[in-house]
Amino acid sequence: KQWYQRRVRGSNRIGDSGMIALCEVLASRNNTLKTLMVTNNSITGKGISCLASALLTNVGIEKIYIWGNVLEEDACNAFAVLCAGEKPRLFKENVDVVPYNVDGINCLAERGQYLFSH
């Protein structure tokens, strides 16, 4: 089966169950996907955290867009780890969220002018 390089699934309400199913594929079988857009899909911290875990094993995805979902504390923590350090898994110019910390709590803000180029 041929895999897509760019997958757009914005505003489809896939929710946590759809995100978890997608993550199972991303973590085990697909390394050709480069861009994933799951904006405004009613995904909570559970689904976003699952996505963050899948991104640790799937090194093919370079750009990801998650804004418009329920970005709870566990999701914020997971994406803060992906975007942090000397060698971050995701570079800030390839993500539509920016992690920041307030009083020891990780949060995510929408990044201003993100690009949808592929």
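Trainee: Which residues does Asn94 touch, not counting residues up to four places away in sequence?
Mentor: Glu62, Lys63 and Ile64, with residues up to four places from Asn94 left out. Contact means heavy atoms within 4.5 Å. This is a predicted model, where local features need pLDDT of at least 70, side-chain atom pairs count only at pLDDT 80 or more, and totals for chains, interfaces and linings use all residues. Residues are numbered from 1 along each chain as its sequence is written, and side-chain values use heavy atoms, without hydrogens and water.

Trainee: Is Asn94 buried or exposed?
Mentor: Asn94 counts as buried, because its relative accessibility is 15%. The cut-offs on relative accessible area are under 20% for buried, over 50% for exposed and in between for partly exposed (1.4 Å probe, protein chains only).

Trainee: And where is Asn94 found?
Mentor: In the loop between H3 and E4. Helices (H or I, at least four residues) and strands (E, at least two) are DSSP runs, numbered from the N terminus. Lys92 has its place in that loop between H3 and E4 too. Lys92 is exposed, because its relative accessible area is 63%.

Trainee: How far apart are Lys92 and Lys63?
Mentor: 29 residues in sequence, and 9.4 Å in space, C-alpha to C-alpha.

Trainee: Step back. What order do the elements run in?
Mentor: From the N terminus on, β-α-β-α-β-α-β-β. That comes to three helices and five strands. Of the 118 residues in the protein chain, 40% are buried.

Trainee: What share of contacts joins residues at least 24 apart?
Mentor: 77%, counted among contacts between residues at least 6 apart in sequence.

Trainee: On to the core. Which residues touch the most other members of the largest nonpolar core?
Mentor: Leu51, Leu55, Ile64, Ile66 and Phe79, out of 25 residues. Helix H1 (15-28), H2 and H3 are the elements that give two or more residues to this core. A nonpolar core is a set of buried Ala, Val, Leu, Ile, Met, Phe, Trp, Tyr and Cys residues joined through side-chain atoms within 4.5 Å.

Trainee: What is Leu51 in contact with, leaving aside neighbours within four places in sequence?
Mentor: With those neighbours set aside, Leu51 meets Met19, Cys23, Leu26, Leu36, Val38, Ile64, Ile66 and Phe79.

Trainee: At what angle do H2 and H3 pack?
Mentor: About 20°, with axes 8 Å apart. Axes are lines fitted to C-alpha atoms, for helices over the stretch in contact, and angles run from 0 to 180 degrees between N-to-C directions. H2 and H3 are therefore roughly parallel. Angles under 35 degrees count as that, over 145 as roughly antiparallel, 65 to 115 as roughly perpendicular and the rest as oblique.

Trainee: Which residues meet there?
Mentor: H2 gives Gly45, Lys46, Ile48, Ser49, Leu51, Ala52, Leu55 and Leu56, while H3 gives Asp74, Ala75, Ala78, Phe79 and Leu82.
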